[in-house]
Number of protein chains: 2
Amino acid sequence: MNVEILNIGDELLNGTSQNTNATWLCGKASRSGAKVVAVSTVGDDITQITDALDQAGKRADLVIVTGGLGPTSDDKTKDAALQYFGGTLVPVATEIERIRVLFEERGLPLTERNIAQGWIPDTATVFTNPVGTAPGMGFTRGATTWVFLPGVPAEMKRMVEAHEKDWFHHQPTSQTFIFDEVMIIGVGESFVADTLSSWQQRLPDWLSLAYLPSAGLVKIRLSCLHHAPGEARGVIVKALQQVLALFPGDAFHTSGLSWDQYFFQELKFRNRSISAAESCTGGYLSHRITSIPGSSAIFKGGMVTYHNTMKQAWLGVTDQMLEQDGAVSESVVKQMAQEIRKKTDTDFGVAISGIAGPDGATPQKPVGTVWIGIADSDQVSAKMFLMGGDRIRNIEKSAVMAMKMVLNILSISQ
Amino acid sequence: MNVEILNIGDELLNGTSQNTNATWLCGKASRSGAKVVAVSTVGDDITQITDALDQAGKRADLVIVTGGLGPTSDDKTKDAALQYFGGTLVPVATEIERIRVLFEERGLPLTERNIAQGWIPDTATVFTNPVGTAPGMGFTRGATTWVFLPGVPAEMKRMVEAHEKDWFHHQPTSQTFIFDEVMIIGVGESFVADTLSSWQQRLPDWLSLAYLPSAGLVKIRLSCLHHAPGEARGVIVKALQQVLALFPGDAFHTSGLSWDQYFFQELKFRNRSISAAESCTGGYLSHRITSIPGSSAIFKGGMVTYHNTMKQAWLGVTDQMLEQDGAVSESVVKQMAQEIRKKTDTDFGVAISGIAGPDGATPQKPVGTVWIGIADSDQVSAKMFLMGGDRIRNIEKSAVMAMKMVLNILSISQ
């Protein structure tokens, strides 16, 4: 099954918004075993939209269109659909009522513009939007289906999750999509590729391999469409176990979870708790951990000791440590890690202090110098990293490396 | 000048890689005054690539193509260009020598595949790649130029920055690109559009208007290409002042800065400092503030009191407050704000406690209920919000609303 994603919106063409909908939809389609043949983005312009609908229909069995269904005059997608597929706008009573209730619940005045969102071409199938005002629409011509969804990510995702079985699997197939993933943390991408080159050559040719790098990590994904899923899964798992063996302590079998979800799962499974004392990461590690639903099961609290006065007053860092070793040092992160652990009564206390940049470097400590300390009931350990990236990347890498150090201690201690 | 971005690569279609090249190129083009008419992504397939080259050439004066120039067999872009534009591959001595030196410097063996990267169609202009192996290529047909660049972001960016003046401004123009922006915080997009509808109709037709919504805010951008920049700027500023007047306390003249940069600039300019006590946002507000270089000028520290025991031990929240009002309440955020302000000796103490979701709701307090408190030297105030979004969106909105409340107090107090 060939899928094309078509995203509509001027804001996607001026460089101010990352097109996260496309990435998410590509992932959904791929994991369903569909093949995404193209992603296109055009502006809020009726001619551009109808041209794109037409071209996508030639390439794909399913075209997922997002955006431009909002209430304002620059939203042109419904007009374009009407022009391309024909039909007349008719009021859909259930949708108008749903919109009315939504506004009532939020205590907002209902405008004509919002009611108009409940008028849909009579040539379309209506898909209810459980979390927003704009309903979705489906059109079919020949063997191709076009599904129109709102561009608001939360609304789009909910609607795809409600209908994906119908949309992605409407052609029966005897093959199943199977994938599995390993993440390698803190190892350069080219070193990973060199280390894996002979392993890669021995993979069967029906397996697809993807290297997916992001800040501080490289994700290795093996996938295939196969008529014997159990057998294929066995081959994939065996191949990934070879990867795990090639990077001892650096590779983790994340199986499709995000790094944060994997970290949460591993700590929760072992019933361990964590706290964070952050300087250069400024709360980012705490944010990453608490972005996962249910994170209160593993995370109790943290301190962002950005100024040295806070490191001293809250975490017992001494004048002597700051004078002799500086704020970015082994002694300081060890003290911070031990103290935050004690203050929160958690299994692990994690501390990060570094020079995120662009300012703050010294001849001895260039931008990207980061010390990370981990305290547990037995010991406190610390490591220094030279990341050398830009500010945001150094902050991201520091958080990922700190999480990795905790997991390493867990594997050693069990 | 119309620009189309064409990104090539199977990895962009399986949902594992965010297409950051497209966003970056869109931003570059927009800021140069060019109009991006479409962004397309296709896989490593010669027919798909040549079709996309053809369609893009019909829409755009400049087509920027990235990806698929690597040394491996799944890179098909050069073959597709050869097929579409004609010509013969010829060795480019300067490029082959550059590649040889690059491998020597890195101590890596030079392979036939890498030397082949220095063979370029004789129909192309060659653009040297200062940081990688694959050179860029330019082709012209009629009034349209196609520029091919490597997909590695660092290489692509360096090459664009070296040539952007030629590529984006190859049509001589006496016009200058001018833009200015206002952000409206905490007001629904459709309400913003309704309020601005008659204002919008009075705008001169040479001005472009964009509504750019993201979590908790709507950015209003006015832009134009104009031969008299001073005069045009005057018209834009006057129009945006009308927007500021229509949303008193909710609209901010951000002038192209991000919300976080604007917040930092306003506090730094007034020499004010801030601290954060976070529960449901889990460190995200501190992270947003400290993501800006130089943020130590305004931010001293924060506490992430995720568990109630931390709210009590660190911020003086009492049993009585928790029992009578609950952790998500006016009394709790006021106490947290006052105490974090005192503990950090800052001008403002900001506290956030809410139910980010998906769990934790009660009949009285649905998901998205968030209390925000702000303490300064004179007073402590608090406001409740019903955000009703998903977890990540509620966290983002809460941080943005807290920053807005601080700016509101600043405008009132001076």
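A residue is called exposed when its relative accessible area is over 50%, buried when that value is under 20%, and partly exposed in between. This briefing applies these terms to a predicted model. N271(A), for example, counts as exposed because its relative accessibility is 66%. In chain A as a whole, buried residues account for 56% of the 414 residues.

**Overall make-up of chain A**

- Chain A contains 14 helices and 17 strands.
- The C-alpha trace of chain A extends over about 80 × 60 × 40 Å along its principal axes.

- One partner of β3(A) is strand β1 of chain A, residues 2-8, with which it pairs in the parallel sense over 5 bridges.
- Within this pairing, T66(A) of β3(A) has N7(A) opposite it.
- Strand β8 of chain A, residues 144-149, also runs parallel to β3(A) and is joined to it by 5 bridges.
- Here I64(A) has V147(A) in β8(A) as its bridge partner.

**An open antiparallel sheet in chain A**

- Four strands of chain A form an open sheet in the order β10-β11-β9-β12, and their pairing is antiparallel.
- The edges are held by β10 (208-214) and β12 (251-252) of chain A, each with a single partner strand, so one side of each has no neighbour in the sheet.
- M183(A) has F252(A) in β12(A) as its bridge partner.

**Backbone features in loops**

- Most residues other than glycine have a negative phi, and most peptide bonds are trans.
- S255(A) is not a glycine, yet its phi is positive, at about 50 degrees.
- This residue, S255(A), belongs to the loop between β12 and α9 (259-269) of chain A.
- S255(A) counts as partly exposed because its relative accessibility is 41%, a value that falls between the cut-offs of 20% and 50%.
- N271(A) likewise has a positive phi, about 60 degrees, although it is not a glycine.
- The loop that holds N271(A) lies between α9 and β13 (274-278) of chain A.
- In chain A, the peptide bond between G357(A) and P358(A) is cis, with omega at about 0 degrees.
- P358(A) sits in the loop between β15 (348-354) and β16 (369-375) of chain A.
- In chain B, a cis peptide bond links G357(B) and P358(B), with omega at about -5 degrees.
- P358(B) is located in the loop between β15 (348-354) and β16 (369-375) of chain B.

**A negative surface patch on chain B**

- D10(B), E11(B), D45(B), D51(B) and D74(B) form a negative surface patch.
- One of these residues, D74(B), is in the loop between β3 (62-66) and α3 (77-85) of chain B.
- D74(B) counts as partly exposed because its relative accessibility is 42%.

Terms used
Residues are numbered from 1 along each chain as its sequence is written. Chains are lettered from A and ligands numbered from 1 in the order in which they are written. This is a predicted model: local features need pLDDT of at least 70, side-chain atom pairs count only at pLDDT 80 or more; totals for chains, interfaces and linings use all residues. Side-chain values use heavy atoms; hydrogens and water are left out. Two strands pair if DSSP finds at least two bridges between them. Helices (H or I, at least four residues) and strands (E, at least two) are DSSP runs, numbered from the N terminus. Patches are made of residues with over 30% relative accessible area and no salt bridge: like charges are joined within 9 Å, nonpolar side chains (Val, Leu, Ile, Met, Phe, Trp, Tyr) within 5 Å. Accessible areas come from the Shrake-Rupley method with a 1.4 Å probe; for residues, only the protein chains shown count as cover. A salt bridge is a side-chain nitrogen of Lys or Arg within 4 Å of a carboxyl oxygen of Asp or Glu. Lys and Arg count as positive and Asp and Glu as negative; His and the chain ends are not counted. The place of a charge is taken as NZ of Lys, CZ of Arg, CG of Asp or CD of Glu. Buried means under 20% relative accessible area, exposed over 50%, partly exposed in between (1.4 Å probe, protein chains only).
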